[in-house]
Amino acid sequence: MRAWWREITGLVLPVACGGCGSPRTPLCEDCGRALYGTWPCRVRPAPEPVGLPAVHAAAPYEDAVRAVLLAHKERGALGMAAPLGRALAGAVQAAVPSGTGVGPLLLVPVPSTRRAVGARGHDAARRIALAAAGELRRGDRPCRVLPVLRQRRAVADQTGLGARQRLANLSGALEVAVGGARLLEGGRVVLVDDLMTTGASLVEAARALRAATGPGIPRCGRVSAAVVAAPPLSFEINRN
């Protein structure tokens with residue numbers, strides 16, 4: 001009901017930019033340029049955890065980009081899913097360039113906890129992944145969203161945890177749903193999320209995929225990762 005109400009109110013209430021609050025536009029030109037106005041690039045957290053796939057991000061997590069992500073995830077601004085999906089699609093394209101002959105793109109969202117999804121009233125990563133898949137298909141790239149990962153045990157709130165604590169907290173927390181491994185065959189798997197901070201969630205997601213499909217994931221090829229945003233330092237580390 002909460003998600004339904006947000007969808008309705010998003011149609012009838014006055015619209016303001018999700019990034020800066022400018023009236024009469026869901027996303028102003030300046031905030032759109034910050035979100036998807038540059039070509040995405042490889043990012044690395046510091047320290048970079050073992051098992052992290054190659055990650056590409058669309059924009060640094062600061063200012064307008066941070067505001068848009070929080071508006072969508074925490075405040076139910078569901079209209080932000082389309083521009084966030086556009087940004088994520090760019091990161092996916094950077095991670096797996098077209099013309100590489102890898103088959104269809106298989107976007108696997110990193111799942112949030114049931115508690116977080118219930119509190120927010122929607123699954124932010126899955127919603128953005130669906131928007132990104134639509135954007136990619138409009139660009140003639142075959143693409144599917146496969147939400148095959150699920151929580152297999154409860155985890156603590158990540159807020160306030162350091163990089164090592166987050167890795168320990170999430171270790172063994174995810175698994176591939178029954179029958180999910182078969183769906184991953186014949187395409188290029190890209191783990192997707194709205195934000196990468198320490199990389200712990202992507203490490204655990206990649207581990208769960210390897211556990212379900214075998215060493216090196218031979219049935220679905222190499223796994224990449226794409227996110228909308230990452231800390232500014234993650235971009236600087238890659239450049240250096």
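Helices (H or I, at least four residues) and strands (E, at least two) are DSSP runs, numbered here from the N terminus. When two helices are compared, each axis is a line fitted to C-alpha atoms over the stretch in contact, and angles run from 0 to 180 degrees between N-to-C directions.

With that in hand, a word on what you are looking at. This is a predicted model, where local features need pLDDT of at least 70 and side-chain atom pairs count only at pLDDT 80 or more, while totals for chains, interfaces and linings use all residues. Residues are numbered from 1 along each chain as its sequence is written, and side-chain values use heavy atoms, with hydrogens and water left out.

Let's begin with the whole chain. Its secondary structure comes to 10 helices and eight strands. The average pLDDT (the predictor's confidence in each residue, from 0 to 100) is 86, and 87% of the residues score at least 70. One stretch to treat separately is residues 216-220, where pLDDT stays under 50. For that stretch the model has 16 contacts beyond four places in sequence, a contact being heavy atoms within 4.5 Å. Across the protein chain, 76% of the contacts with a separation of 6 or more are between residues 24 or more positions apart. Of the 240 residues, 49% are buried; buried means under 20% relative accessible area, exposed means over 50%, and partly exposed lies in between, using a 1.4 Å probe and protein chains only.

The phi angle of Asp63 is near 50°, a positive value in a residue other than glycine. Leaving aside neighbours within four places in sequence, Ala64 is in contact with Gly19, Cys31 and Ala34. Ala64 and Gly32 are 32 residues apart in sequence, yet their C-alpha atoms are 8.7 Å apart in space.

The axes of H2 (residues 29-36) and H3 come within 8 Å and cross at roughly 90°. That angle makes H2 roughly perpendicular to H3; angles of 65 to 115 degrees count as roughly perpendicular, under 35 as roughly parallel, over 145 as roughly antiparallel, and the rest as oblique. Cys31, Ala34 and Leu35 of H2 make the contact with Ala64, Val65 and Val68 of H3. What kinds of residues make up the contact of H2 with H3? They divide into six nonpolar, no polar and no charged, where Ala, Val, Leu, Ile, Met, Phe, Trp, Tyr, Cys and Pro count as nonpolar, Asp, Glu, Lys and Arg as charged, and the others, Gly among them, as polar.

Now turn to helix H4 (residues 81-95) and helix H6 (residues 124-138), whose axes come within 7 Å and cross at roughly 65°. H4 passes H6 in a right-handed crossing; a crossing is right-handed if the near helix is turned clockwise from the far one by less than a right angle, and left-handed if anticlockwise. The H4 side of the contact includes Leu84, Gly85, Leu88 and Val92, and the H6 side includes Ile128, Ala132 and Leu136. By class, the residues of this contact divide into 11 nonpolar, two polar and three charged.

H7 passes H9 in a right-handed crossing. Arg166, Leu167 and Leu170 of H7 meet Ala200, Ser201, Val203 and Glu204 of H9, a set that divides into four nonpolar, one polar and two charged.

A cis peptide bond joins Ala46 and Pro47, with omega about 0°, and Pro47 lies in the loop between strand E1 (41-43) and strand E2 (55-60). Asp140 is in the loop between H6 and strand E4 (143-145). Its phi is near 65°, a positive value in a residue other than glycine, and Asp140 counts as exposed at 71% relative accessibility.
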